[in-house]
Amino acid sequence: MSTTLERPTRPSLLARLENPKAVIGLVLLMWLPLTLYVMAPRLLGSLHDVVLLPAIPATLLLYTLAVRAFRGSTVAVIGLSLVFFWLLMAVSAPYLPLIDPNRPIAPFTPPLTEARDHFFWLGTDMRGRDLLSRAIWGCQRVLVWGVTATTVAYVIGTTFGLVAGYFAGWWDEVISFASNVLLSFPVMVLFIVILTYLGPSGLNIIVAVTVASAPAIMRIVRGLTLDIKTRDYVFAAQTRGEHPIYVMLIELLPNVRGPIIVDACLRLGYTTVAITTLTFLGLGLQPPDPDWGLMIREAARSAMLWQFSYMLLVPALAVSSLILGFNLMADGLRELSLRD
Amino acid sequence: MTRLILQRLVQMALIMVFASFVIFAIFDTDEFKRKLAVAELGGFGVAALSEEAYANWLAQKGLDVPFHERYAQWVGDVLQGDFGHSFEKNRAVGPLLAERLWNTAILAFWVFALMIPLGLLVGILAGMNEGSPRDRALSFVAVFTTSIPEIATAILLTVVFALGLGWLPAKAAMIQGFDPWQLVLPVLTLVLYAFGYLARMTRASMAEVMTQPYIRTAILKGLPYRRVILGHALRNALIAPFTIIVLQLNWLLSGVVVVEVFFEYNGFGRLLLEAALFGDVYVIQAATLVAVAVAVTSQLVSDIGYTFLNPRIRFGA
Amino acid sequence: MTTPILECENLAISYFTRAGEIPAVIDFNLEVMPGEAVGLVGESGCGKSTVALAIMRYLGRNGRIVGGAIRFKGEDLVTASEERLRQLRGGEIAMVYQEPMASLNPALTIGRQLVEVPLHHETIDEAGARARAEAMLERVRLPDAKRLMAAYPHQLSGGQQQRVGIAMALLSNPSLLLLDEPTTALDVTVEAGIVDLIREISTEFGTSLLYISHNLGLILETCQRLTVMYSGEAVEVGSVAQVFDAMRHPYTRGLFNSIPLPGADKNARPLMPIRGQLPLPHERPDGCNFAPRCDYFQAGTCDHGTIAMAAVAGDEGHYSRCRRFAEIDWEAAAPKRKEAAAAPLGRKVLEVAALKKYYRLQDRSLMALLRGREARFVKANEKIDFDACEAETVAIVGESGCGKSTLAKVLMGLEQATSGQALLDNQDIANLPVQQRDQAMVGYLQMVFQNPFDTLNPSHTVGAQIARVVRKFGVAKDKAEIEARVLELLDTVKLPRDFYHRLPRQLSGGQKQRVGIARAFAGEPKVVVADEPVSALDVSVQAAVTQLLMDIQREHRTTLLVISHDLSLVRYLADRVVVMYLGHVVEQGATQDVFSPPYHPYTEALLSAVPIADTRIKKKRIVLEGDLPSALNPPSGCPFQTRCPRKLGRICETEAPPWREFPGGHGIACHIAPEDLAEMEPVIAQA
C-alpha cells in the first residue's frame with residue numbers, strides 16, 4: 001500500500017510547541033519557580049532574584065498557545081486573557097518598576113496623586129503603602145495557594161472517584177459515604193472548623209480546600225466512570241485481561257478529562273473566592289505580605305468612608321477579575337467541547 | 001417510593017451520627033481543653049497552667065471520664081436541647097444559637113424570596129432559545145454576577161449605595177432594634193451572587209429539555225408555542241432547578257458568614273466565626289452540628305422532592 | 001387529474017453552520033396521491049429525515065429550505081405562516097418518530113398527551129377528547145385503554161409506546177402521515193405487529209403515508225411506490241414492482257446486492273458490497289454523486305454537470321437519475337465475486353453444557369432488611385447447551401433480553417456462571433474470571449463488539465490500540481516488530497496504513513468496526529465472539545464488514561460465535577444456529593434445518609417477522625401477542641407459553657418442554673408432538 005504523504009514544510013515554533021510534552025514543559029517552567037518563590041523563598045537562596053525570569057517568556061508562550069487552541073470561542077479567549085494577565089503579573093512582579101509593597105510612605109494618598117516624590121496611580125492605604133504595588137504582588141499568593149490546593153484536591157478526588165466508580169460495590173459504598181458526610185458540611189463551616197482546628201496557614205488552606213472539594217470532584221469522576229466503564233472499549237480491555245490500574249489510567253482517565261477540565265476552571269474560581277474570603281475573615285494567610293483578602297480586611301476596618309473607598313475597590317476588583325477569568329474560561333471550554 | 005425515602009432517611013441519620021462524632025472528636029483535643037481551662041480559671045496562658053490545676057478542672061467539669069462516655073453524654077445533652085455554655089458570651093449556647101438562627105432565617109427568607117423568581121425567570125428565558133442573542137446577554141449577566149465573590153459585591157454595593165449615594169445604611173448591626181433598611185444591602189449581596197448560579201442551572205436544564213424529541217413531538221402536534229413551553233418543557237426543565245434551590249440552603253450557610261461579618265449583622269454565621277476565632281468550643285460544636293443538620297435536612301427534602309417531581313421514580317420502573 | 005396530497009418539487013435544503021452552508025438535500029421530487037403509501041429509502045446521511053422534517057417545516061434554527069416547493073393539497077408550505085403551520089401540524093399532517101420513548105413527554109400521562117391533540121385542533125370538550133383518545137387507543141390494538149390513559153410513558157414497553165405514538169398521530173384524522181423509521185428501535189417480533197398496524201391504517205383510514213426507512217423489506221411490506229435517495233438526491237422513483245424487480249439505477253442495484261436475501265450463500269453466491277462510502281455533503285463529486293462507487297462509471301459521461309431525473313421508456317412512473325441506465329444490460333448477472341469452497345470443519349473447540357447464570361438482585365432497603373431479605377434472581381441464562389468446531393460459524397439468535405449478551409460475558413470471563421460448564425479446548429472456563437486465565441487462553445478467545453462508536457477508545461490512536469493487543473499477547477516483541485504486525489493487520493482489514501496515527505473520531509462507523517476486527521484478531525485467537533458485529537452499520541457497509549469477517553475467519557480457521565437478532569444475516573453467514581428465548585435454548589441445528597420445518601413456534605414467528613426485500617417471496621404472517629416476560633419472574637413450564645400461537649394447553653404452563661431430536665443434530669424444545677412439528681408449512685416460500 002503506497003501512501004503519498006506530502007512532505008510537510010518546517011513547522012513554525014508555535015506549531016512545534018503544540019504537543020502535550022511541550023505544553024507540560026512550559027507549564028512547569030512557569031509554575032515551579034513561582035511556587036517555590038511564594039511557598040519556600042528561603043530554599044531558593046541566591047537564585048531568589050532571578051528564578052522567575054525564564055517564567056516570563058514561558059507564560060507568554062503558553063498564553064499564545066492557549067489563545068490558538070481556543071480561538072473558536074470569544075468567551076474562552078477573554079477568560080484566558082484575564083487569567084494570564086494575573087499570571088504574568090505574578091511572575092514579573094519582582095522585575096516591574098514598583099514601589100516596595102510593604103514600605104509605608106504617605107498614608108491615605110488618593111489615586112493619581114504624587115506624594116513624597118512618588119506618584120501613586122491607585123493611591124496608598126492607611127499605612128501609606130502603594131496600592132498598585134500591593135495589588136500586583138497580592139496575586140502571587142492567591143494564585144499559588146489556590147492552584148496548588150485545587151490540584152491536590154483533584155489528584156485525591158479523581159483517584160477516589162475512579163476507584164469508587166470502577167470497582168463499585170464495597171469500595172464505592174465506603175468512599176461515597178465518607179464523601180457524603182463531608183459534603184453535608186456547608187463549605188464555609190467546614191473551612192472554619194478545619195482552620196480553627198489546624199490553625200491559619202497556607203498549608204492548612206490546602207488541607208481545607210482538599211477536604212472540602214475532593215468529595216465533590218470524586219462524585220463527578222465517579223459518575224463519569226460509571227458511564228464510561230460500560231463502553232465496549234473498556235469491555236475489550238477487560239476481556240484481554242488488563243490490570244484494573246491499566247484500565248483506570250489508560251482507558252478511563254483520558255476520557256473523563258474533558259468534563260474535568262471545565263470543572264477545574266470553575267473550581268479554581270471557587271478556591272480563589274475561598275482563600276480571599278478566609279483571609280478577609282482572619283482565618284487564612286497572615287500579614288504582612290500583600291494579599292487581596294488582607295487588603296480588604298484592613299481597609300474594611302479603618303476606611304469605611306466614601307473618600308477612601310478606593311482602598312476597598314482595588315482588591316475587590318482585582319479578585320473579581322481573576323474569578324471572572326476562570327469562569328469565562330470554563331464557559332468557553334464547555335461551549336467548545338459541545339461543538340465537537 | 002416510600003422505600004426510597006426510608007432508605008434516604010436511614011442514610012441521613014447515619015451521616016448525622018458520623019458528623020456529630022467527627023465534630024465532637026475534633027474539638028475534644030487536649031489543646032482546646034487547656035485553652036478553655038485557662039479561659040475559665042483565669043491566668044496567663046496555656047503555658048502557665050499547672051498540670052494539677054488542669055486535672056482538677058477536668059474532674060470538676062466531668063471531663064476526665066473516657067472519651068466514649070463523654071461523647072454519649074454530649075449527644076444526650078444535645079438531644080435534650082442542652083448545648084453547653086458559651087465562654088465568650090457567658091450564656092447558654094441553646095438560646096444564643098436560637099436567637100442568631102432566627103436572625104439568619106430572616107435574611108435567608110428575603111434572599112430566597114428574591115432569588116428564586118429572578119433565577120428561574122432568567123434561566124427559562126435564556127434556555128428557551130439556546131444561542132440566541134437574548135440567551136447570550138442573559139447568560140453573560142449570570143456569569144458576571146456569580147464571578148464577583150460576595151465580599152466584592154458587598155464592597156461595591158456599600159461603596160455605591162451607602163458611602164457614595166448615602167441611600168442605605170452601610171452596616172446591619174441593628175443596634176437600635178430591627179431596621180428593615182439595614183437588611184437591604186446584605187440581602188442584595190447574597191441575591192446577586194446566588195441568582196446567577198440558579199439561573200445558569202435553570203438555563204442548562206431548559207436548553208437540554210428543548211432539544212429533546214418530545215418537545216419536537218409537542219410542536220409538531222400543532223400546539224401553540226406558549227403551550228409547548230408551559231405544558232411540556234417546564235414540567236421537565238424545573239425538576240433539576242428545584243433540587244438546586246433546596247440545596248442552596250447549604251450554600252447560603254457558607255455565604256452568610258462573610259456577609260454577616262462584613263455588615264456586622266448578628267446572625268448565625270457571625271456567631272460561628274467569632275466562636276472559631278475565640279476558641280469557644282461549645283458554640284462551635286453546636287453551630288456546626290446545627291449547620292450540618294440544616295444541610296442534611298435540605299438534602300433530604302431535595303431528594304424527596306425530586307422523587308415526587310419525577311414520575312419515572314414515583315412510579316418506580 | 002386529482003391533486004396529490006403532497007408534492008415536493010426540486011426541493012433543496014441546507015444547514016447553515018459555522019463552517020458554512022451544508023447542502024443536505026439538493027434536488028428532491030416526490031408525489032404522494034390520496035390514500036397512497038409511498039416509501040422513502042436510503043442509508044444514513046442521505047437526507048431522508050431532513051425531507052420529513054422539511055415537510056413539517058421543522059428544520060431547527062440553522063436549517064433552511066433554499067429552493068423548490070413543498071405543496072400540501074396544492075397549498076405552498078414553504079411560505080405558510082406560523083399560524084397556518086400550527087393548524088396543519090398534528091391536524092392535517094402528523095408524524096410518527098423513530099424513538100418512541102424519547103418522543104413522549106416523560107412527565108405527562110399518556111392521556112394528557114393524547115387529549116391535547118383534538119383539544120387544540122377541533123372544537124371539542126375535554127370529555128369528548130378523552131373518549132376519542134380512548135377509542136383510538138383501542139383502534140391501535142392497545143387493550144385496557146382506561147388504565148393506559150393514566151400511565152406514564154416509562155411504564156409502557158417499546159411496542160406499546162410506538163402504538164401510542166401512532167394513536168396520537170391519527171387522533172385528528174390527518175390526510176398525511178409521516179413515519180420516520182418507526183420500528184428501527186424495536187425488536188423484530190414487535191416490529192411485525194407495528195407494520196401490520198401501519199398497513200391497516202392505510203387501508204382503513206384512507207390516510208396517505210410517507211414511510212421513511214433504510215430497510216427495503218419494510219418498504220415492500222407497507223408501500224405501493226417508493227423513492228430511493230442517495231446523497232441528498234432522489235435517484236430512482238417507481239412502483240414497488242418496478243424498483244424491486246426492474247431497477248434502473250446502479251445504486252439501487254448495489255443496495256439489493258448487499259442485503260442477504262434468501263438464496264444468497266456465503267460460498268456460492270456471496271454478497272457484493274458497494275465499495276467506498278457516502279461522500280460528505282461538501283465533498284460531493286461533479287456529475288453523478290454515486291460515480292466514485294459505481295461499477296458502471298464511465299469517464300466523460302458520469303463526471304460532469306448536473307444529472308436530471310429521466311423517465312424509463314416504456315415503464316410509466318419509473319424514473320432514474322442515471323445517464324447510462326439505457327445502455328446498461330440489467331438482465332446480465334452482476335459481475336460475480338469469487339466463489340469459495342466451504343471450509344471443512346475441524347475438531348470441537350467449544351462445548352457449553354447446562355450453563356446457567358443467575359444475577360442476584362441487590363435489595364438493600366430497610367423494608368427488605370425487615371422482611372428478612374428475600375433473594376431475587378434475574379434468570380439470564382437458564383440452561384444453555386451447544387458446541388462449536390474449528391472454522392465453524394455458530395449463530396446465537398434471539399431478541400433483546402433473551403440472554404445472549406450474558407452468555408458472551410460468561411464466556412469472556414467477565415461474569416461467572418451459576419452452574420454448568422463451558423469447555424474451551426477441554427478446559428472449563430465457566431467459572432474462571434478473566435484475571436485468572438493465563439495469557440494464552442485470554443488471547444485464544446477474543447471479541448468483536450456491536451457499537452462502532454463505543455468499540456474504540458476515543459483518546460488513543462488506532463495504531464496504539466491494536467499495538468497494545470499485539471504486545472499483550474506476545475505476538476511480537478520489539479517495537480519495530482509490533483508496528484510491522486499492526487500495519488499488516490490494517491492491510492488485512494483493508495484499511496490504509498496511514499490510519500495508524502488516526503484517532504477514532506476521524507473514522508467512519510464501518511472503518512471503526514474494521515479496526516475492532518483487527519484488534520480482535522491481533523492476538524491470533526482461535527475463537528472470536530462477535531456481538532451484533534454489523535447491526536449498527538448501513539446496509540452497504542454491513543455487507544463489506546460481514547464479508548471481511550468471513551474472509552479472515554476462513555483464512556485463520558477461526559471459530560466464529562455470532563450473536564445476532566438479524567435472521568437474514570444469520571442465514572447467510574452461519575453454519576449452525578442456536579435460537580434463544582428468555583434464557584433458554586429453544587431450537588438449534590444446522591442453518592438450513594432451523595430455517596425450514598419443523599420449527600419451534602418461536603422460530604416460526606421470528607422467521608415470519610423478518611421483512612424480506614424480495615417480491616417473489618411469500619411469507620406466512622404470524623404476529624406474536626404481548627411482550628417479553630421479565631427474566632426476574634419467568635413464566636412456569638415453557639418460557640414461550642405466554643405468547644405462543646400454537647400453545648397446546650395446561651401442559652405448556654406446568655411442565656418444561658422436552659428436547660425433541662430430529663435428524664442432522666436438529667433439536668427443538670417443545671411439547672408439540674414431533675409428527676405435528678414435522679408437518680408445519682414453511683414460513684418462507686418462493687412464489
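**Figure 1. An aromatic cluster in chain A of the predicted model.** In chain A, A:Tyr166, A:Phe167, A:Trp170 and A:Trp171 come together as one aromatic cluster. The structure shown here and in the following views is a predicted model.

**Figure 2. The tilted aromatic pair of A:Tyr63 and A:Phe84**. The rings of A:Tyr63 and A:Phe84 lie 5.4 Å apart, centre to centre, and with an angle of 50° between their planes the pair is tilted. Because A:Tyr63 belongs to helix α4 (residues 55-69) of chain A and A:Phe84 to helix α5 (residues 74-92) of chain A, the pair ties together parts that are 21 residues apart in sequence. A:Tyr63 is partly exposed, its relative accessible area being 26%, whereas A:Phe84, at 12% relative accessibility, counts as buried.

**Figure 3. The edge-to-face aromatic pair of C:Phe244 and C:Phe256**. In chain C, the rings of C:Phe244 and C:Phe256 are 5.0 Å apart, centre to centre, with 70° between the planes, and this pair is edge-to-face. The pair links distant parts of the chain, with C:Phe244 in helix α10 (residues 240-245) of chain C and C:Phe256, twelve residues apart from it, in helix α11 (residues 250-258) of chain C. Both partners are buried: C:Phe244 has a relative accessible area of 7%, and C:Phe256 has one of 8%.

**Figure 4. Lysine side chains over aromatic rings in chains B and C**. In chain B, B:Lys171 lies over the face of B:Phe262, at a distance of 5.0 Å from the ring centre. In chain C, C:Lys357 lies over the face of C:Tyr359, at 4.9 Å from the ring centre.

**Figure 5. The largest cavity, lined by residues of chains B and C**. The model holds eleven cavities of 30 Å³ or more, and the largest of them has a volume of about 150 Å³. Its lining comprises 16 residues, of which B:Thr217, C:Met95, C:Tyr97, C:Gly165 and C:Met168 are the closest to the cavity centre. Two or more lining residues come from each of α9 (213-220) of chain B and β6 (93-96), α3 (100-103) and α7 (158-170) of chain C; α7(C) gives the most, with five residues. By class, nine residues of this lining are nonpolar, six are polar and one is charged.

**Figure 6. The second largest cavity**. The volume of the second largest cavity is about 100 Å³. Among the 15 residues that line this cavity, the closest to its centre are C:Pro250, C:Cys288, C:Cys294, C:Cys302 and C:Cys322. The lining divides into eleven nonpolar, one polar and three charged residues.

**Figure 7. Helix α12 of chain B and its surroundings**. Helix α12 (residues 268-278) of chain B is largely enclosed by the rest of the structure, because eight of its eleven residues are buried. These buried residues are B:Phe268, B:Gly269, B:Arg270, B:Leu271, B:Leu272, B:Leu273, B:Ala275 and B:Ala276. They pack against elements of two chains, namely α8 (187-198) and α11 (244-281) of chain A, and α5 (93-127), α11 (239-263) and α13 (281-309) of chain B. Just after α12(B), B:Gly279 adopts a positive phi of about 80°.

Terms used: Residues are numbered from 1 along each chain as its sequence is written. Chains are lettered from A and ligands numbered from 1 in the order in which they are written. Side-chain values use heavy atoms; hydrogens and water are left out. Rings of Phe, Tyr and Trp (its six-membered ring) pair if their centres lie within 6.5 Å; planes under 30 degrees apart count as stacked, over 60 as edge-to-face and the rest as tilted. Helices (H or I, at least four residues) and strands (E, at least two) are DSSP runs, numbered from the N terminus. Buried means under 20% relative accessible area, exposed over 50%, partly exposed in between (1.4 Å probe, protein chains only). A charge sits over a ring if NZ of Lys or CZ of Arg is within 6 Å of the ring centre and within 35 degrees of the ring normal. On a 1 Å grid over the protein atoms alone, a cavity is a set of points where a 1.4 Å probe fits but cannot get out, and a pocket is an open set with protein on both sides within 12 Å along at least five of seven lines; lining residues have an atom within 4 Å of a point. Grid points are joined across faces, edges and corners, and a volume is the space filled by probe spheres set on the points. Ala, Val, Leu, Ile, Met, Phe, Trp, Tyr, Cys and Pro count as nonpolar, Asp, Glu, Lys and Arg as charged, and the others, Gly among them, as polar. Contact means heavy atoms within 4.5 Å.
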